[in-house]
Amino acid sequence: MKAFWRSYCSNPWLIAVTFGLPLVLSLIIWWVFSASVVRELPIDVVDLDQSSLSRMITRDYDATPTLAVRSVQPNTLIANQALKNGENYGYIVIPRDFERDVLLGKSPQVSGFYNGQFILIAKQISSALMQTDMTIQAKLAAVKTLSTKKSTWTHAINSAVPIKVQVTPLFNLGSSYNQFLVSAILPAIWQMAIIVGMIWAMKNEMMLSNKKNIREWFDSQTLSSIAQFIAVYFIIGMSLGAVLFYFLYGILQFPFDAQIGTFLMTMSAMTFACISLGTAIGYGTNDIVKAMSISGAYTAPSFAFLGVTFPVTDMNSLATFWHSILPASHFVRSQIEQANYGYVFNQTLSHVGILLLFTLPLVLLISRLRK
């Protein structure tokens, strides 16, 4: 085992792939989402009425912490083109004769459009529009009451808004997406680091042993030597996972109601699963370039298929299949159940069992080696 440790420590690039770069990338991801709430998303307003009431509504949209009115456009064609070009994330259309219809007691429709391809941003814009519409509807109800009845301004406001609600996003933990996203992205990074790291580790040992290719090096190993090789990178993978999850639950103080022993057992199954897949990809392709291409294509879109930001039940057959063949999908589900709901070992055993199924390629390869 000492020989494998020496070969690992003598290769700075291998250390970077299996430990350094994943930590740096995780810190960057956390920094990107550290604001915890989405703020100042640019939108346009198409004001076809050009009245004092439409300008008041525009100011209401701009006053929300989530939205920022980038410009007021004269027609929907310009605003829609800006949406397609990525210059805004959505736009609001205030119809003609809006103020007149409100004063006549009618119910004119204000339309909102946004790009649903950006799931998080679309959700935030939709929520902000709904919250702002509640305020606007209260104001419009007050205006209609004043225009149709003999009433004071205070009475009209109280009639329109009998219960006042205040939402403070900066201190509302339910509005924070930091915990929601980062706790799922980091396991995806961890998975990628172990699988890619195993391929580079096999290449490193191949070069040090003066073998022609990865398959020749692996077949020349004994059962004892390959077990030592796997043990070294199991320790490295577990150490990386321990640092990442301590950062989540120890430093960032995300909720953690899991049992430490059960969580470590799930981490171990995840580590062995990724080691198995990395070994299988390296051995199967027998070429470092092909192996890196396949592992990159396999693990890079992991976060999209985890089922965290988009429900698995709404995925198509290809996405569902990809979700099922990713170890991180099963680990993240167990992680959420343990950390957030306090699931014990018996309740999460099914996920551990699925993760252990990923070790079958490694078991088959090892079974061919001499003792």
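These legends describe close-up views of a predicted model.

**View 1. Strand 3 and its cover.** Strand 3 spans residues 90–94 and is mostly covered. Five of its five residues are buried. Gly90, Ile92 and Ile94 point one way from the strand. Tyr91 and Val93 point the other way. Residues on both faces of strand 3 are buried.

**View 2. Strand 3 beside strand 1.** Strand 1 covers residues 41–47 and runs parallel to strand 3. Four bridges join strand 1 to strand 3. Asp44 stands opposite Tyr91 of strand 3. Tyr91 itself is buried.

**View 3. Strand 3 beside strand 4.** Strand 4 covers residues 111–114 and runs antiparallel to strand 3. Four bridges join strand 3 to strand 4. Gly90 stands opposite Tyr114 of strand 4. On strand 3, Gly90 points the way that Ile92 and Ile94 do.

**View 4. The Arg70–Glu87 salt bridge.** The side chains of Arg70 and Glu87 meet in a salt bridge, at 3.9 Å from N to O. The pair links distant parts of the chain, 17 residues apart. Arg70 sits in strand 2, residues 67–73. Glu87 sits in the loop between helix 4 (76–84) and strand 3. Arg70 counts as partly exposed because its relative accessibility is 38%. Glu87 has 40% relative accessibility, so Glu87 also counts as partly exposed. A search of the whole structure finds five salt bridges.

**View 5. Arg100 with Asp97 and Asp101.** Side chains of opposite charge can pair when their charged atoms come close. Here the side chains of Asp97 and Arg100 meet in a salt bridge, at 3.6 Å from N to O. Arg100 also forms a salt bridge with Asp101. In that pair, the closest N and O atoms are 3.5 Å apart. Asp97 is partly exposed, with a relative accessible area of 36%. Arg100 is partly exposed too, with a relative accessible area of 47%.

**View 6. The salt-bridge network of Asp44, Arg70 and Glu87.** Salt bridges that share partners join Asp44, Arg70 and Glu87 into one network. Asp44 also stands opposite Tyr91 in strand 3.

View 7. Val24, Leu25, Ile28, Trp31 and Val32 form a nonpolar patch on the surface. Together they have about 500 Å² of accessible area. Trp31 is found in helix 2, residues 12–32. Trp31 counts as exposed because its relative accessibility is 62%, and the cut-off is over 50%.

View 8. An unreviewed UniProt entry annotates several stretches as "transmembrane region", including residues 223–248 and 295–313. How much of residues 223–248 is helix? The span is 100% helix and 0% strand. The end C-alpha atoms of residues 223–248 lie 37 Å apart. Residues 295–313 are 47% helix and 0% strand. The end C-alpha atoms of residues 295–313 lie 26 Å apart. The UniProt annotation also covers residues 12–33, 180–202, 260–283 and 348–366.

Notes
Residues are numbered from 1 along each chain as its sequence is written. This is a predicted model: local features need pLDDT of at least 70, side-chain atom pairs count only at pLDDT 80 or more; totals for chains, interfaces and linings use all residues. Side-chain values use heavy atoms; hydrogens and water are left out. Buried means under 20% relative accessible area, exposed over 50%, partly exposed in between (1.4 Å probe, protein chains only). Helices (H or I, at least four residues) and strands (E, at least two) are DSSP runs, numbered from the N terminus. Two strands pair if DSSP finds at least two bridges between them. UniProt positions are given in the numbering used here, feature names are shortened, and annotations may be inferred rather than shown by experiment. Patches are made of residues with over 30% relative accessible area and no salt bridge: like charges are joined within 9 Å, nonpolar side chains (Val, Leu, Ile, Met, Phe, Trp, Tyr) within 5 Å. Accessible areas come from the Shrake-Rupley method with a 1.4 Å probe; for residues, only the protein chains shown count as cover. A salt bridge is a side-chain nitrogen of Lys or Arg within 4 Å of a carboxyl oxygen of Asp or Glu.
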